[in-house]
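Q: Could we go through the charged pairs and the helix packing here? I would like to begin with the packing.

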Amino acid sequence: MTVLVPSTEEAPAGSHVLSFYASDSEAAESVAGFLRGARGLGQPAIVLTSDAHRLNLYESAVARRVPQMAGVFRLVSGPHLHLTPEGLRPPEEVEAFTNAHARGASTCSDAIPDVLTRENLDTYLEYERWYDTLRPYVHRGMCPYDVTRLPVDLASWALQELADVHSHVVLSRDPSPAVQLLQLLVVATAENPAAAQRDSVDRALTRGVVQRGGPNERLELTPRGENLVRALLTFPS
Amino acid sequence: MWDPAPTGPSRASPTPAVPGRREAVLTIPLPPIPRVAGTMTYGALAEIEGYDLAPDRTITVAVSGSGAVATAFLESVWTLIQERRLGRLRSVRTDERGRTVAVLSVHLPEDVELGHLLGSIAVVPARLGPATAEVRVLASPHEMQRLTVALEEEGLPPSAVVVERAVQPAEASELAPEDWAFLGLLVAIGAFEGRRVSTASAIAERLDLDPGYLAERIRTLGNGMRRLVAAVFQEPATPGPPSSDPTGPT
C-alpha cells in the first residue's frame with residue numbers, strides 16, 4: 001500500500017513518490033521540498049521541466065529553501081518520456097544521470113500533467129506501473145500531478161491507480177474543497193491515514209458523495225459527488 | 001466568479017430538513033413508448049441527470065443516454081412529448097463522455113401534485129427504461145404516502161418500493177434533493193465544462209428560465225455546497241462576501 005508522507009522533503013531514499021499539487025506555486029514548493037530532502041540525503045538531483053514559467057517558480061523556491069541545489073534544472077520541451085517498443089520510458093538524460101550516480105540520485109520530471117488527457121491516461125499509468133517495478137532501488141523519483149486536471153469522471157479510478165503504482169504520496173495542501181474531496185479517494189487507499197482523514201471519508205460516505213464499489217469495494221465518487229466536484233473545481237470558493 | 005454568499009428569503013430555498021425521512025427506491029411503470037424501429041428492444045437505460053422545478057411550474061429535465069439504442073430511446077421519448085404537446089425539447093448535446101444529453105421543459109398543470117412532490121424529494125440520477133423508471137427518493141412516511149397516491153391518480157402505481165436507510169436531518173439539510181437535481185441540470189448543460197463559468201443570464205437563456213430566479217437558485221445551491229463540504233471536513237461554513245452578481249463573465 002502507498003504511504004502518506006507530509007511533505008516531499010520527507011520522501012525517503014528508495015521511494016517513488018507521487019506528489020499532488022493544485023497550482024504552479026504549490027508545484028514549486030513541492031519541488032523545492034524534494035530537493036531539500038535530496039540535499040539532506042546527500043543525493044545529487046536533476047529536475048526536468050517543460051514549462052518556462054514553472055522553471056522560474058522552481059528557481060525562486062529553491063533559492064529560498066535550498067540554494068545549494070540551484071543548478072539542477074533543465075528546461076526540456078515536450079512530454080519528456082520517449083516511446084520504445086516496450087512502452088514509454090524515462091527521459092534519456094534522467095537515465096544517464098541515475099546511471100552515473102549508482103549510490104543514489106533524486107530525479108523529477110514534471111511534464112506528464114501538461115499532456116495528460118482522458119485518451120492517454122492509461123498509457124501514462126502503464127508507464128508509472130512499469131517505473132514502480134524498478135524498485136527497490138537507491139534513488140528517489142518524484143512524479144508531480146495536478147489533481148485538478150484529471151477528468152472528473154475518471155478521477156476515482158485514476159487517483160487510486162496512481163497511488164497504487166507509487167510507494168509514497170504527498171497530498172496537495174490546497175484548501176480548495178474540490179481538491180480535498182478528490183484526495184479522500186487517495187486517503188482511503190493509503191496505509192497510514194490520520195484519524196481525522198478517515199473520519200472525513202466516513203462523513204463523505206454518509207452524505208453520498210463517495211461510495212464503495214467495484215470488485216474490490218474501493219472508494220469512488222458517486223454521480224452526485226462527481227457533479228459536486230465539477231462545480232467546486234469551477235467555483236473554488 | 002460564482003459567489004455562493006448567503007442571501008435572504010428565496011423563491012428557491014431548499015426543502016427544510018424533514019424529520020423521519022428515509023431513502024427509498026420506487027419502480028414506476030411508464031406509459032408505452034413507441035419503438036422507433038419495429039424490432040428494436042431497449043436493453044440500455046437512460047438517466048435523468050438533473051431537473052429544476054420553477055415557481056411557474058415549468059420543470060426542466062436533463063436526460064442522458066449512451067450508444068445508438070439509448071439515443072433512439074431518447075428520440076422516441078421526446079418525439080412522444082412533442083407530439084402530445086407535453087413540453088419542448090430545449091437542447092441536445094454530446095457531453096465529454098460521448099453521451100447524448102437532452103434537455104426538455106414541461107409545463108405542469110396546476111392540479112397535478114406529482115411533479116411538485118417528486119421535484120422536492122427525488123434523487124438524481126433516476127433511471128429510465130422502456131417500461132419502467134427507477135426513482136430514488138428521500139421521503140418521510142407522509143411524503144411517501146402522498147407520492148403513492150399521486151402516482152396512482154396518474155395511473156402509475158409503483159410496482160416496487162424498497163426502503164434503504166434512514167436519512168439524518170442534518171445530512172438532508174445540507175443539500176436538499178432539489179439542489180442535487182439542479183446541480184445535475186447545470187452539469188448536464190455543460191455549465192462547468194472547459195473551466196469557464198457560464199453566467200446566470202447565459203444559463204437562463206439556454207434553459208428559457210427567468211434570470212433573477214436562476215441567479216437566486218445558484219446562490220442557494222452554493223450555500224448548500226458550502227455547508228456540505230464543511231460538514232465532511234468538520235469546518236465551520238463561513239459566509240462568502242456579498243455580491244450583486246452571482247456569476248462572473250463567461
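**Helix packing and salt bridges**

A: In this predicted model, helix 9 of chain A and helix 7 of chain B are roughly perpendicular to each other.

Q: What angle do the axes of helix 9 of chain A and helix 7 of chain B cross at?

A: The crossing angle is roughly 105°, and the two axes come within 12 Å. The range that counts as roughly perpendicular is 65 to 115 degrees, so that label applies. Helix 9 of chain A covers residues 223–234.

Q: Which residues meet there?

A: From helix 9 of chain A, A:Leu228, A:Ala231 and A:Leu232 meet B:Met225, B:Leu228 and B:Val229 of helix 7 of chain B.

Q: How many of the residues in that contact are nonpolar, polar or charged?

A: The contact of helix 9 of chain A with helix 7 of chain B has 6 nonpolar residues, with no polar and no charged ones.

Q: Changing topic: how many salt bridges does the structure hold over all chains?

A: There are 33 salt bridges over all chains. One of them pairs B:Arg217 with B:Asp52, at 3.1 Å from N to O.

Q: Which elements do B:Arg217 and B:Asp52 lie in?

A: B:Arg217 belongs to helix 7 (residues 211–232) of chain B and B:Asp52 to strand 2 (residues 46–53) of chain B, so their pairing ties together parts 165 residues apart in sequence. Both B:Arg217 and B:Asp52 are buried.

Q: And what does B:Glu143 form a salt bridge with?

A: Its partner is B:Arg21, with the closest N and O atoms 3.0 Å apart. This pair also links distant parts of the chain: B:Glu143 is in helix 3 (residues 141–153) of chain B, while B:Arg21 is in the segment before strand 1 (22–29) of chain B, 122 residues apart.

Q: Is B:Glu143 buried or exposed?

A: B:Glu143 is buried, at a relative accessible area of 10%. B:Arg21 counts as buried too, at 2% relative accessibility.

Q: Over to chain A: how far apart are the closest N and O atoms of A:Arg65 and A:Glu29?

A: They are 3.1 Å apart, in a salt bridge. A:Arg65 sits in helix 2 (residues 52–65) of chain A and A:Glu29 in helix 1 (residues 24–41) of chain A, so the bridge ties together parts 36 residues apart in sequence.

Q: How accessible are A:Arg65 and A:Glu29?

A: A:Arg65 is partly exposed, with a relative accessible area of 26%. A:Glu29 is likewise partly exposed, at 30% relative accessibility.

Technical notes: Residues are numbered from 1 along each chain as its sequence is written. Chains are lettered from A and ligands numbered from 1 in the order in which they are written. This is a predicted model: local features need pLDDT of at least 70, side-chain atom pairs count only at pLDDT 80 or more; totals for chains, interfaces and linings use all residues. Side-chain values use heavy atoms; hydrogens and water are left out. A salt bridge is a side-chain nitrogen of Lys or Arg within 4 Å of a carboxyl oxygen of Asp or Glu. Helices (H or I, at least four residues) and strands (E, at least two) are DSSP runs, numbered from the N terminus. Buried means under 20% relative accessible area, exposed over 50%, partly exposed in between (1.4 Å probe, protein chains only). Axes are lines fitted to C-alpha atoms, for helices over the stretch in contact, and angles run from 0 to 180 degrees between N-to-C directions. Angles under 35 degrees count as roughly parallel, over 145 as roughly antiparallel, 65 to 115 as roughly perpendicular and the rest as oblique. Contact means heavy atoms within 4.5 Å. Ala, Val, Leu, Ile, Met, Phe, Trp, Tyr, Cys and Pro count as nonpolar, Asp, Glu, Lys and Arg as charged, and the others, Gly among them, as polar.
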